[in-house]
Amino acid sequence: MSAQLGPGERADAARLLLKAYETGVPVPPLTATHPGLTVEDAYDVQLRQVAEWTAAGRKIAGHKVGLTSAAIQRQLGVDSPDYGHLFADMFHLDSQPIPAGEFLSPRIEPEIAFVLRKPLTGPGVTVAHVLDAIAYAIASLEIIDSRIEDWKITLPDTIADNASSGGVVLGATPVPLDGLDLRTCGVVLRRNGRIVQTGAGGAVLGSPVNALVWLANTVGALGVTLEAGSVVLPGALTAAVDVGPGDTVTATFAHLGSVTATFAALSEED
Amino acid sequence: MNWDIDTAAAVLLEAERQRQDRGPLTDEWPELDLGTAYRVQKRLIEKKVEAGEKVVGVKLGLTSRAKQERMGITSPLTAVLTDGYVLEADVPIPLAELIHPRVEPEIVFVMGKRLEGPGVTAATALDAVESVHAGLEIIDSRYVDFKFTLPDVVADNASSARFLVGGKALSPKNLDLALEACVLTANGTVVATATGAAVQGHPAEALALAANALAARGEAIEAGQLVLTGGLTDAVFVHAGDQIGAEFTSLGSVFVTAA
């Protein structure tokens with residue numbers, strides 16, 4: 001699929017999304033306001049926002065891969081994942097209050113995150129390269145969010161919106177991959193103490209490792225290297241659950257320990 | 001029709017034998033409540049035993065707390081397994097004998113001790129378990145489109161049709177069943193994942209609740225019996241030529257084809 005929109009229209013779409021972050025007011029689906037928006041256009045819209053953010057001094061800390069489960073691919077009618085950019089200021093601390101007001105309509109999902117010890121430059125990256133480049137796996141929770149009204153997203157909408165990124169919480173225990181079977185590595189997700197989802201690494205393109213291969217080769221084709229030290233969120237092990245002020249969500253993994261996201265209650269002034 | 005327990009059991013057995021799905025019993029017999037439904041189920045199993053089948057265990061259904069709350073119950077429903085439901089390893093699901101089969105992965109217990117409520121807890125239930133296995137259950141409602149109320153499905157022996165149990169047997173002692181994961185595949189593609197926590201928080205919790213509920217009906221789970229603890233994921237439909245697999249963290253894998 002090639003670009004359909006002119007540069008002016010793509011810049012306009014990027015401005016709409018940047019404004020939504022600023023005002024906290026979501027926008028209608030871009031595929032409605034900018035008919036003809038293709039996947040290629042959408043990545044350009046994402047990169048225009050990334051350029052604005054880096055120019056403003058924000059630091060890229062890694063990437064996320066989205067749309068990696070059979071269920072979500074069926075729901076959006078796609079057969080490929082997508083990716084977005086993670087910035088250092090999107091990382092929150094395990095068990096430390098997260099200001100819920102930072103988000104528009106946040107949802108949360110458990111992931112087996114990777115931290116790289118070597119750079120990965122695609123195309124041509126295989127599972128063997130990826131396994132060699134991963135320093136460790138670590139329990140994580142991804143906060144996803146949408147600048148599009150009511151999550152009414154199609155594939156180009158979510159790609160343009162930085163793959164619906166919101167925030168990241170990493171656990172505290174790095175685990176080397178040696179001998180870990182990530183495909184059958186289980187997770188139990190609790191919200192306010194109650195089990196809301198369970199899943200396993202196999203939900204992520206068969207294994208989270210596969211998502212990293214896809215990411216390295218996909219961004220590699222655009223001339224982008226995944227840097228040593230960067231964090232990759234390869235995709236969710238379960239469906240996402242809604243979160244709001246006052247909620248506490250804990251993901252307990254086999255082998256990887258647990259990680260907790262706690263959202264600050266709204267104060268009375270709010 | 002003049003409905004009673006015998007008639008209802010006979011109608012459901014005939015639907016199973018003729019592969020003919022029907023409307024819910026409760027449409028025609030609104031008085032069918034949960035207690036009566038369990039008596040229909042019992043009569044249906046007695047008829048199977050009269051025809052030469054042997055009772056081999058128990059299966060638990062509706063083992064998610066969220067679903068129980070929606071249905072207004074506080075423990076899993078139970079059904080009875082006979083050897084007529086056993087699918088041997090490497091034998092395809094016999095589509096010609098079933099109506100609209102679906103497959104779901106389960107954690108299966110073999111009981112080492114008799115378990116009789118009331119007063120059974122998850123810890124005492126687990127103590128009565130001899131071994132834990134991977135399993136696949138093939139369900140096949142005798143009702144059109146799997147549309148039924150709680151008494152309907154209980155009377156229909158909880159849609160039981162076939163099951164198979166993996167050959168690897170592990171002691172429950174050192175297993176973390178809440179985090180024991182399952183990856184369900186259809187023709188090689190992952191279609192769902194879950195862990196044992198999807199079953200009532202822990203399969204032993206489901207077993208304890210079921211043992212206590214059975215005691216209220218004057219029944220126990222016997223030593224040596226199998227217990228299918230409940231579907232870990234939503235059930236997937238199977239068609240001719242499909243291969244369904246369930247890969248577990250520690251319990252090994254089970255695969256089945258349909259023909």
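**Group meeting: two chains and the contact between them**

Hi everyone, let's start with chain A, whose secondary structure comes to seven helices and 13 strands. Before I go on, please keep in mind that this is a predicted model.

Take the contacts in chain A between residues at least 6 apart in sequence: 75% of them join residues at least 24 apart.

Now over to chain B. Here we have seven helices and 11 strands. Its radius of gyration is 17 Å, close to the 18 Å from the globule rule for 259 residues, so chain B is as compact as a globular protein of that length. The C-alpha trace of chain B spans about 55 × 45 × 35 Å along its principal axes, and 56% of its residues count as buried. The accessible surface of chain B is about 10400 Å², with 51% belonging to carbon and sulfur atoms.

Let me show you one sheet in chain B. Which strands form it, and in what order? Four of them do, running S7-S6-S10-S11, in an open sheet with antiparallel pairing. Strands S7 (189-195) and S11 (253-257) of chain B are the edges; each has a single partner strand, which means that one side of each has no neighbour in the sheet. On average, neighbouring strands here are turned by 15° against each other, ignoring direction. Inside that order, S6 (residues 181-186) and S10 (residues 243-248) of chain B are antiparallel and joined by five bridges. If you want one to find on screen, B:Thr185 in S6 has B:Gly245 in S10 as its bridge partner.

Finally, the place where the chains meet. How many residues does each chain bring to the contact? Chain A gives 20 and chain B gives 19. Between them about 1300 Å² is buried, 59% of it from carbon and sulfur atoms. On the chain A side, A:Arg183, A:Thr184 and A:Thr198 lose the most area to chain B, together 38% of what that side buries.

Thanks, everyone!

Note on methods
Residues numbered from 1 in each chain as written. Chains lettered and ligands numbered in written order. Predicted model: local features only at pLDDT ≥ 70, side-chain atom pairs only at ≥ 80, totals over all residues. Heavy atoms only, no water. Pairing = 2+ DSSP bridges. Helix = DSSP H or I, 4+ residues; strand = E, 2+ residues; numbered from the N terminus. Axes fitted to C-alpha atoms, helices over the stretch in contact; angles between N-to-C directions. Contact = heavy atoms within 4.5 Å. Buried area = accessible area lost by both parts, 1.4 Å probe. Rg over C-alpha atoms; globule rule 2.2 N^0.38 Å. Buried < 20%, exposed > 50% of the residue type's maximum accessible area, 1.4 Å probe, protein only. Areas by Shrake-Rupley, 256 points an atom, 1.4 Å probe, with all protein chains shown as cover.
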